[in-house]
Amino acid sequence: MSLYNFLYLSSIIFTLGVIGVLIRRNILIVLMSLELMLNAVNLNLIVFSRLWGNVVGQVFTIFVVTVAAAEAAVGLAIVVAIYRHKDTVNIDEVNILKW
Amino acid sequence: MEILGVPILNAVTYFPLIGFLIILLIPKKKETLIKIVANVTAFIGFLISLPLIINWYKPEVIKGMKDGMRYVIDVPWIRTIGARYQFGIDGISLLLVLLTTLLGFIAILSSWSAIKTRVKEYYIYMLLLQTGMLGVFMATDLFLFYVFWEVMLVPMYFLIGVWGGPRKLYAAIKFFLYTLAGSVLMLLAILALYFKYISIFGWDHRTFSLFKFLHAGLDPQFQFWAFLAFFVGFAIKVPMFPFHTWLPDAHVEAPTAGSVILAGVLLKMGTYGFVRFSLPLFPDAMIKFTPLLMTLCVIGIIYGALVAMMQTDMKKLVAYSSVSHLGMTMLGVFALTQIGLQGGVVQMINHGISTGALFLIVGIVYERRHTRLIKEYGGLSHSMPVYATIFLIMTLSSIGLPGLNGFIGEFMILQGTFARTDLRVYAILAASGVILGAAYMLWLYQRVMFGKLDKEENKKMKDLNLREVFTFVPLIIMAVWIGIYPSFWLKYLKNPVKRITDIYQKKLAENKINVGHKYKVDYKGMKKIINNKMSEE
Amino acid sequence: MLGDSLKIVNNILNIKDIAAFTPQFQLLIWGIAILFLSVFVKEKAKRMNISFYLAIIGILFSGWSYLKLVEVKSIYSNGGMVFFNGLFKLDGITIFFYGIFLITGLLTIFLSKRFLDEESYFESEYYALLLLSIMAMMCMAGSNDLIGIYISLEFMAICIYVLVGYFKRQLRSTEGAIKYFILGAFSSAMLLFGMSVIYGITGTTGLSEIFKKVTTANNFSEPLLVMSMLLVLVGMGFKVAAVPFHMWCPDAYEGAPTPITAFMSVAPKAAGFAIFLRLFISLFKPITFDYVSVLALLSIVTMTVGNIIAVKQTNIKRLLAYSSISHAGFVLMGLLARNEFAVKSIGMYLLCYLFMNIGAFSIVIVMRRKNIVGEELDDYKGLIHTHPVIASFMTVFLLSLAGIPPTAGFVAKYFVFSSVIKEFLRTNDRLLLYVAIIGAINAVIALYYYFRIVKRMFMGEPTEVSKEKVAVNIFSGASLGITFFFTIFIGIYAEPFIRFANLMGKSLKAFF
Amino acid sequence: MAEYLWLIPTLPFIGFLINGLGGLIYKKVSKKTLNRYFVSIVACGLVFISLLLSTVAFVQLANMPNEHKYIEQKCFNWVTAGDVTTTGYYDKVPSKTTQFKIEWNYFFDPLSAVMALVVCGVGFLIHVFAIGYMWDDTGFYRFFSYLNLFMFAMLTLVLGNNFIMMFLGWEGVGFCSYALIGYYFHKKSASDAGKKAFIVNRVGDYGFSVGVFLLFMTFGTFNFKELGEIIGKLPAETHFGILSAVGLLLFIGATGKSAQIPLYVWLPDAMEGPTPVSALIHAATMVTAGVYMITRASFLYTRSYLSLEIVGFFGVMTALYAAIMGFFQRDIKKVLAYSTISQLGYMFTALGVAAFSAGIMHLMTHAFFKALLFLGAGSIIVAMHHEQDMQNMGNLRKYMPITFWTMMAAYLAICGIPPFSGFFSKDEILWQAFARGHKLFYVIGLIAAIFTAFYMTRLMILTFFGKERIDPHKKEHLKESPAVMTIPLIILGILATIGGFLGLPAWLGENRFEKWLEPVFEHNYNNPVFKMGHYTHSFEMMMAGVSVLAALLGFFVAYYLYGKKGIVPDDEKNWGRLWKVIYNKFYMDELYDALFVNRAKDLGNAFSAFDQAVIDGGVNGTAATTRGTAKVSSWFDKYVVDGLVNLQAWIVQTSSGILRKIQTGVIHNYALAVLLGIVILSCLYIFR
């Protein structure tokens, strides 16, 4: 099976992630979609590193994963703070800042 | 040429700042002290500008001349971009500088009793403004020029906005935005000029100096656009016909002294800009645009006069009259003949004197009655004869009665325009503005000064006190001086003007606009008459 | 045995790498020190105080080592020098932006003290995060590799997410944080995707190598490269808040603690533009599709929309947020030339922008008094009567932001305009002229809304709020003084700063 | 050689300064007005000195050989400016580049000698008269200062040696007449009349100045002498060339100043001024400036037949027209005003037929008798306590004999009864017109003469003869005026009687006056216009008889209508519509208002509306379009919120309101925006 299928796959995943971010109300799901996007990228990187036969891509992937973890931590912390204020994780309801 | 070791131009320009600093230190409450300091500063400022003209023909001064500029100061400022701190004045700037220092002093003197609120700030802005304006007239480096050009907007904004009339906020911001819009375009043009010069002479010769640019030999295409950009910048300031609408508002709302400075000096910055920069830098474009510009001027002259005629507010009337007068000035400038140009510059001064005085005159009755509506007045000559006399003199000077300054300017301008056979029609049209001028000014005078003294509050109006008279004395003296013996002032203009027109002598010849062209209308009916006559005899 | 391992270590990072990184290390050390403080000092307010001083010391130390670095011209002058096996590059750009970040950091820390006391938040991590984010930015400015860029960018971003949400007891703050966070993550994912594709095309992540590949080898598919470039553009555009990726900006700015707002309005933007320089002036140059016009469009839209929306704002933080968006537009304008001059002009713009913008924000911070928020425009009514000095300072900052001489703002405008005009004269590309003219118009609009504040200060009647006394402590006073001084000084005599900016000119020589 | 020349105009100016400024300051300091005796001595004394000086100059001139009768005094260079390139006159005069220079020089030649003497002499007498006339007026010093200023301007006009000096005087006298007409400025009619006079004159000056421009741009000098020398060599134009253009333009100026058709309208209103003013300015001196100017420029006119024809035509037309208007005026001064216009018409007729010396001659005699008439009227008006309506006079000769007899002399003079001065001058004009082949002019002139006799007789009868119609209150203290007023009358009376003998017609020996003026026209005599038909003296005498008969005819008609019955017939009834038309001056003022004044005002209104609506609207923008046709002014004040400065600002304001709504505060939309951004960017790439 050729390289392109992987690329298709990854782009599909990425798109799914994007859609998730765009349409889901629940912050947690949004966060997950973000993760999804990142993982699509990871897949990309892996494939390419295989293609070029160098490890740079894989190294990059490791870093991405780490960063993703850190981001998730911060994100969840903020979510908790939001929840404290409004007893909800529905992001459409946090819109006092506008215009 | 130095004063206490300070190069004189610096001394003249920055002396107001000294007063500004002193006032900054004086507490708000001590109003009289502040007033005294401000007046003294302005007066000394005027005095130290006198050596400029006194030493004009001193050999060492003439020796120090550079590109026709005297008292030159030229030190590197921002080396990396080639901007220099370059001051210098020729005859044209000299007159305007003197006008500025004089009017500045008069304006400050005139606001002694007019300004009751926030006195400290007021004088601070006045002095800042003074420095800004002087810088504009002295800078020969375009970067420096632009800096001063914009600097003086800010204090003016505050003068209008804080001490102005009912719609001051509107007028102030309108003034500011209008002018800024123009000048930002000008900035672009300056940059274009700068890089054009670099593209010709290389990065090492980067400069903003006007006199370097003069030798750049710009191609017509480039001149065209650059001229347009400069034109917008200056024309808004002048203001020329389609760009004039900020003027009435600014004038009507501004405090008296503000209007005096605005009319007397600020507008001159526009005309001066044309003379100093547009004309020498873009001859080809200038020639291409001449008909259009002339048309605008003529429209401005007649249009301004007609609108002025219909005003019910004295200040607005005077404001529109300046639109008309400045149209006249620009007509002379754009005629590109020596006389026209000289007349234009003289007319700048005249307008500064007479319109400045007229604004003071309006201010005086406004201060007493707090209205500027013409119909509120009438028959004032009964209650205030001195005022009437001064008003009359200034009216006459503004309508160009021979023997007073206005006539010299207008006559030279029209004669100068007439000298260009291709522009005669404009001159003839423009001359009709003189009739209208008489119409609206005399009508104003009649409505305000003549007639029965019916209104109570007018009856008990006090005539001018000594201070107020003194504000007018120098103006009247100047009006008569320029009227009777203009040669004294004209001789300072001869060379700078010649330097500009010489550029055009060639160009005009090239463009087949020959000045010595002959025309001959053959008149059929005439033949018959002549023949009859001959046969009779 | 041990020797071998030492040798290996030595190969991985030798001493000169560490030397090149000292400023960052300084910040790192002091930041961590502050974090550890909580172990020793239990009492919150006290800890806050100490960590404040520690932070200052940290910045100063880092600044000191930075100056040491500057002295060694041979490193960064012409072309610069790479470290960590090409991961990090120390050249004029890096040096210049170091300066910007450090100054910004110092001023921010100065401003934070009183503000946090007023708000009575005492989590000392605040300062740690500040230092770390600064460090991250420094790495970002210098990184010469996609991986480096991404990581340092994320590092910075995460720190700032936290800082924005620092007032966790205020919903505004938290909301700002969540918005910033989600959108940030979203856009950085885009960026990342773009990067991955670039890697896919070229098989490497080092900028220089990529450049070589792109210029020499022509067997890669351009469309892919362009798409990836656009994705990267999105990511960076988000960081510098270019329209239409600016949406987070006003909310985050309004929500965040004001010192952080000041910080965000300058430092991360600057970092973003550093990356812009590295990628768009140099890396993507070989692309035949002229993305300059795209950038031009971006800059036009950005400055116009930013300005226009700012006109109707009533909250000063929000107003300044939009104004900062429009300023980003101006900087992008400087980018269009894609040559040394563009680099220079952007540098100058950011430098001037630093002083005037932080100045304006420090006024806003000073206006924050116990139980008075003082963020509405009407809170500034008649300020000239009650606090003349503050009012005049504010006026100067606003004039500078509007680009009226003789202030830093004018120099900034001068440089971006000149870079565009220069390019226009070189390539008679009308688009550039239009950009310049629209920029000019925007300058006028900008003046209008800045002067809505000035109008209130000078021509309004004093209200209760503006009558309330303003206590300027030494630090905020210092930051006010510094910003004011430089705002004027650059305006009057820009020479030394321009020289400083000239450093950057050479650094991208390899790419021109 | 004549260093005192500059004093002639300057002395009155000094008088103006002393009386005017001094009076003003004095009043300001000590709340009293300047002492009357002091004022009158200063004013009259200085004028008298200039009279003496001009006499001296006159004598000096008389002793010069005829070919260079010319005294010039250089004072200083008024204006010295850059260079000008003149166009040159076709191929006759080459184009040259000269410095633009205006000298401030005075000169004295036969022509200006006559003018100076007339101005100073008559002026002095009128000054003296005015002392009596204005004695009770509060603004005594003001009046005399203006009067002196006028003398200065008038003398500058006649003594200035170039067109610009002349223009200085020209405008100067214009201003003085403005100030003096509007002297009773509390009366609206007065100040209106002043304004009208000034503005109508401005219209004339417009033509004048353009003419001067053209002249200078052609020949490169303003100086009369130089111009005379250059143009004197040129042949007459046989086509409508530059000279004709200049001639016509200058003539426009003359019509303004000398109240000819079509610009005469200001003069009748000018009678609002004090009577001495009417006598001095609007009869004797200022109004003749136009005549003087054209005579001075004779070298030019004689080289442009077209302009000569036109001058003559307008002149004679005015003579007739004004005479008709004089018919039914009730106000004594109005009658005199129209008669002035008519007499000026005669002078222009003379110029039109190139009989310049005759014109000047008539100018002089007219100065005598018309001044006299006005002063007489003045003394009547004083006696009648400012009653000017002749309906309320009658049989005054009983009360004020001196006035009556002096006025009688003037009356005979103006009617042209020999040997009174008017006869010689007027008859000369008619004769020249006839002899030089302008038969039409001659006929019209003759008719005008009849009319003149008619209205003058009517005036005399209504005032001095018939029943008394004076209202009793005035009658009590109705008496002859004091000596200070009557003496000038007597002197003028003598002059009016014998003044004519200065220039006897050819059939009574040679015309000394013409001889005296010869040097002025030296350039002209090689010129066909001067061709005379060959007629015998007896024929000429016969023609003179005819004009006398004409006068008598007019007299008898008037006598039949007004004198015989001894009561005032109701003109309105007798003449019906004709009366109406004439009495309303052919509705000329109304016409002018309708044509020019109101149109100008409308234009002004339109423009100021335009200014606020369109230009500012265009700038203040779209408000106009949104508000459609909202009332401009109210819109301007109310709608324009502060800061809504211009189109930009308006768009910005509104679009700002709209755009900021995009910032919904919902994260999804934000993310969507980002996505959109990507889409747009990629589209830019894909569809590039």
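Biologist: Two residues are in contact if their C-beta atoms, placed from the backbone, lie within 7 Å. With that settled, which residues of H4(B) meet H12(B)?

Modeller: From H4(B) there are B:Ile92, B:Leu96, B:Leu99, B:Thr100, B:Leu103, B:Ile106, B:Ala107, B:Ile108 and B:Ser110. They meet B:Thr256, B:Ala257, B:Val260, B:Ile261, B:Gly264, B:Val265, B:Lys268, B:Tyr272 and B:Val275 of H12(B). Keep in mind that this is a predicted model: local features need pLDDT of at least 70, side-chain atom pairs count only at pLDDT 80 or more, and totals for chains, interfaces and linings use all residues. Residues are numbered from 1 along each chain as its sequence is written, with chains lettered from A and ligands numbered from 1 in the order in which they are written.

Biologist: At what angle do the axes of those two helices cross?

Modeller: Roughly 170°, for H4 (residues 91-110) and H12 (residues 256-281) of chain B. Their axes come within 9 Å. H4(B) is therefore roughly antiparallel to H12(B), a label for angles over 145 degrees. Axes are lines fitted to C-alpha atoms over the stretch in contact, with angles from 0 to 180 degrees between N-to-C directions.

Biologist: And H6 with H8 in chain B, how do their axes cross?

Modeller: At roughly 170° too. The axes of H6 (residues 142-151) and H8 (residues 168-201) of chain B come within 11 Å. So H6(B) is roughly antiparallel to H8(B).

Biologist: Which residues make that contact?

Modeller: H6(B) brings B:Leu142, B:Tyr146, B:Trp149 and B:Glu150. H8(B) answers with B:Ser183, B:Leu187 and B:Ile190.

Biologist: Switching to chain C. How many helices and strands?

Modeller: Chain C has 23 helices and two strands. These are DSSP runs numbered from the N terminus: helices are H or I, at least four residues, and strands E, at least two.

Biologist: What box do its C-alpha atoms fill?

Modeller: Along the principal axes, chain C takes up roughly 70 × 65 × 40 Å. Take the contacts in chain C with a separation of 6 or more: 80% of them join residues 24 or more positions apart.

Biologist: How many residues of chain C are in contact with chain D?

Modeller: 28 residues of chain C, against 25 residues of chain D.

Biologist: Which helices of chain C each supply at least two residues there?

Modeller: H9 (171-202), H11 (222-239), H12 (248-255), H14 (291-311) and H20 (430-459) of chain C do.

Biologist: Which one gives the most?

Modeller: H11(C), with six residues on the side that touches chain D.

Note on methods. Parallel < 35°, antiparallel > 145°, perpendicular 65-115°, else oblique.
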